[in-house]
Amino acid sequence: MSSSYKFGQDINQATKMAEVLEDYVRGTQLYGYASGLFSTMPSMTVGALIMRLRRLDILRHHLKDHQSKKLDKAIDRYMQVRTDWTYHYTEKMTEEAHSRIDAMKAFFYECNDNIRNCIGIYKPEMMRRTMVQELVREMQSLNISDVELREKIEDTDSKLRRTTEKSTFQWAKVLKPAYNSDEFWWLYYSPPDIP
């Protein structure tokens with residue numbers, strides 16, 4: 001995520017993901033494809049979809065009428081799959097949350113090797129951690145408890161706090177209302193700029 005965020009691109013990605021969600025949750029791949037193998041689309045995951053749907057819904061007042069209708073259609077499709085394929089959906093969601101939080105270990109190894117490396121590689125970690133949080137929110141709404149995941153998140157957040165310092169909001173300013181600083185605190189932190 002950068003300062004060049006575009007609502008249209010986010011809506012198009014969310015729409016494509018919602019269209020293939022049923023096949024995705026019923027399939028075996030954790031990181032799927034929403035639009036062919038060689039697309040510029042991000043990997044298809046539950047976290048990638050719900051992150052987009054939630055922030056677009058919160059920032060709906062920025063959307064044009066046709067974009068808002070497209071978003072409503074994507075939300076309806078997502079809710080239908082979530083209801084019809086609950087077991088598959090929750091399995092994929094839980095697997096993704098563990099996979100993403102586990103993948104953050106590499107970031108801490110890189111930072112321990114050379115603190116200067118942290119700045120250049122922090123952006124993907126913010127995205128990972130944000131998707132994990134979106135998945136946690138979704139799990140809570142479905143009354144899914146996962147003690148092991150909670151412990152991994154606490155450990156990761158503890159390391160993140162030691163590796164970063166308070167800063168300005170790291171993503172495009174227009175997204176700030178969708179990410180409060182208490183729940184999504186890592187978006188308001190960055191690794192120290194070491195001269």
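In this predicted model, the side chains of E22 and R77 form a salt bridge with an N to O distance of 3.1 Å, a salt bridge being a side-chain nitrogen of Lys or Arg within 4 Å of a carboxyl oxygen of Asp or Glu. Because E22 belongs to helix α1 and R77 to helix α3, the pair ties together parts that are 55 residues apart in sequence. E22 is partly exposed at 22% relative accessibility, and R77 is partly exposed at 29% (buried is under 20% relative accessible area, exposed over 50%, partly exposed in between; 1.4 Å probe, protein chains only). Residues are numbered from 1 along each chain as its sequence is written. Local features need pLDDT of at least 70, side-chain atom pairs count only at pLDDT 80 or more, totals for chains, interfaces and linings use all residues, and side-chain values use heavy atoms, without hydrogens and water.

A salt bridge also joins D72 and R60 (2.8 Å, N to O). D72 lies in helix α3 and R60 in the loop between α2 and α3, 12 residues apart.

Helix α3 spans residues 65-84 (helices are DSSP runs of H or I, at least four residues, numbered from the N terminus). Its buried residues are Q67, S68, L71, A74, I75, Y78, V81 and R82. They cover an arc of only 150° around the axis, which puts them on the same side of α3; the arc is that of the directions from the helix axis to the C-beta atoms. On the other side of α3, the exposed residues are D65, H66, K69, K73, D76 and T83.

The whole structure contains 17 salt bridges.

Terms used
Helices (H or I, at least four residues) and strands (E, at least two) are DSSP runs, numbered from the N terminus. The expected span of a helix is 1.5 Å times one less than its number of residues.
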